[in-house]
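Here are my notes on this model, as numbered points. Please read them with the coordinates open.

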Amino acid sequence: MSGLTGQRKKEIIKRDSKVISPSSSRPYPLVVDRANGVIITDVEGRRYIDFAAGIAVMNIGYSNPDVLQAITMQMEKMSHCAFPDFFAEPPVKLAEKLRSLTGYERVFFCNSGTESVEAALKLVMWKTHRQALLGFYGAFHGRTLGSLSLTCSKIIQKEHFPSFQVVHTHYAYCYRCPLHLKYPDCGIECAKQIETVIFKQELSSKDIAAIVVEPILGEGGYIIPPQEFHREIRRICDDHNIMMIADEVQSGCYRTGTFMAMENFKVRADVVCMAKALGAGLPLGAMLSDGHIMDWPPGTHSNTFGGNLAASAGSLAALEFMEKEDLGNNARQVGSHIMKRLHKMQDDYPVIGDVRGLGLMIGVEIVKSDGSIDPKVRDRIVVEGFKKGIILLPCGDSVIRISPPLIITKEEADIGLDRFEEALKKVKSSD
Ligand SMILES: Cc1ncc(COP(=O)(O)O)c(C=O)c1O
């Protein structure tokens, strides 16, 4: 399977280049046509096994009949009603479901991850009357101006754009500790520096509305911190009367085994942002908190599409499907199978420097022989994978992310991993 040629594909890409904003970066020329389960078919009929799930969106897989039926039935009744202006049952049912899954009492609906972060920022600023924020190097929270202020992943995303008052500090990236320390002897120095350095020298804790953190660094390289990291952040927030916002946009909806990834760390944030898999393929975001925090009055924040009826109906069906099929458990089982195979590959392919993961949020860090990052080889592996029939996406400086739909079986995962290994072999042989 070459995957790089084909007239139909070429023609669409050429038309795309003339009319679509050039601000997106595509790693290889996949031109999709349709998809089912964990298989994507392109416009020329080539089939790919999907290890990306549309950036951790299609947790329930493609063309899920329950979700299709729920969306179609709702579309036939009414697709949109301006829920923020009127009342309707589908978003209420969805909010009730989210409440039962998370314990958070109230939900604000929006349409994307970045909007859920904007809503969270506005809520904490409104509640605390403070405007400064603390975030982390490597973080990705979106690209609208509030969330972009917190995003600290690639400079191209931020160059020439204005920012809120945000201080960034080190995330617990233990494989490449930014402080050159070793866990656990470090005592989570990275988190401790929030109090010992930032609050003393840079930004008063009294001015900070929230610490905003991803349970697992997503776009920043699928980095999984030790449990104590989030616990220490929680403690700092409690001690200094600062809100903790967990950005679960990528890690939520059972991707890591639990509904919210923060559950793995036994930490409860004050505010949670969700999107991606929540919409099961339709645009849907949600910001969750408790009633004593989300007590802003009518008019403080709203939008047109939040609580869209079709998206809400699809989301509820998707959440019910995730529960019924115990997709969290499947994420754990298949995730540990994939991790085992990747660890074995490490012996044969020294370019694999680190394999880390929680459930089906797995990162493979590609390195040079001296252990330094190797983005070029990472990109070549991703493109070779595409030629062999597997959809992979990069993240971080030198990481390949493995985030397939959570319905994936071990057998399907093995087919994907065989193709991934072929890609590694090809890149190794051409060096
Ligand atoms: C953790 C996190 N937060 C926020 C976002 C932004 O979401 P969206 O692209 O839907 O605006 C992303 C997107 O990748 C994300 O991974």
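1. Which residue in β15 is the bridge partner of Cys 395? It is Val 399. Before going further, note that this is a predicted model: local features need pLDDT of at least 70, side-chain atom pairs count only at pLDDT 80 or more, and totals for chains, interfaces and linings use all residues. Residues are numbered from 1 along each chain as its sequence is written. Helices (H or I, at least four residues) and strands (E, at least two) are DSSP runs, numbered from the N terminus.

2. The β14–β15 hairpin. Strand β14 (residues 393–395) pairs with β15 in the antiparallel sense, over 3 bridges. Two strands pair if DSSP finds at least two bridges between them. The hairpin has 3 residues between its strands, and Gly 396 takes a positive phi near 60° there.

3. The other partner and the faces of β15. β12 also pairs with β15 in the antiparallel sense, over 4 bridges. Gly 363 stands opposite Arg 401 in β15. Val 399 and Arg 401 point one way from β15, Ile 400 and Ile 402 point the other way, and all are buried. Buried means 20 or more other C-beta atoms within 10 Å of the residue's own; exposed means 12 or fewer, and partly exposed is in between, with C-beta atoms placed from the backbone. In a regular strand the side chains alternate between the two faces of the sheet.

4. The open sheet. It has 4 strands in the order β1-β2-β3-β13, with mixed pairing. β1 (32–36) and β13 (390–391) stand at the edges with a single partner strand each, so one side of each has no neighbour in the sheet. Strand β3 (residues 47–50) pairs with β13 in the parallel sense over 2 bridges. Asp 50 has Ile 391 of β13 as its bridge partner.

5. Domains. The protein is divided into domain 1 (7–63 + 326–429) and domain 2 (65–324). These bounds come from an automatic or database domain assignment. The C-alpha centres of the two domains lie 25 Å apart. In all, 27 residues of domain 1 are in contact with 29 residues of domain 2; contact means C-beta atoms, placed from the backbone, within 7 Å. On the side of domain 1 that touches domain 2, the elements giving two or more residues are α2 (53–56), α10 (327–348), β11 (352–358), β12 (361–366) and β15 (399–402). That side divides into 14 nonpolar, 7 polar and 6 charged residues. Ala, Val, Leu, Ile, Met, Phe, Trp, Tyr, Cys and Pro count as nonpolar, Asp, Glu, Lys and Arg as charged, and the others, Gly among them, as polar.

6. The core. The largest nonpolar core has 133 residues, and those with the most contacts inside it are Ala 120, Ala 210, Ile 245 and Met 287. Such a core is a set of buried Ala, Val, Leu, Ile, Met, Phe, Trp, Tyr and Cys residues joined through C-beta atoms within 7 Å. Helix α9 (residues 309–324) gives the most to this core, with 10 residues. Domain 1 and domain 2 both give residues to this core, so it lies between them. Leaving aside neighbours within four places in sequence, Ala 210 is in contact with Val 124, Leu 133, Ile 242, Met 243, Met 244 and Ile 245.

7. The ligand shell. Of the 15 residues around the ligand, Ser 112, Gly 113, Thr 114, Val 249 and Gln 250 come nearest. Near means that the C-beta atom, placed from the backbone, lies within 6 Å of the molecule or strand. Helix α5 (residues 113–128) gives the most to this shell, with 3 residues. By class, the shell has 5 nonpolar, 7 polar and 3 charged residues.

8. The loop between β6 and α7. This one deserves a check. Most residues other than glycine have a negative phi, and most peptide bonds are trans. His 180 lies in this loop and has a positive phi of about 55° although it is not a glycine. Ile 188 lies in the loop between β6 and α7, also with a positive phi of about 55°. His 180 is exposed, with 7 other C-beta atoms within 10 Å, whereas Ile 188 is buried, with 21. Pro 184 is in the loop between β6 and α7, and a cis peptide bond joins Tyr 183 to Pro 184, with omega about 5°.

Definitions and conventions
Contact = placed C-beta atoms within 7 Å.
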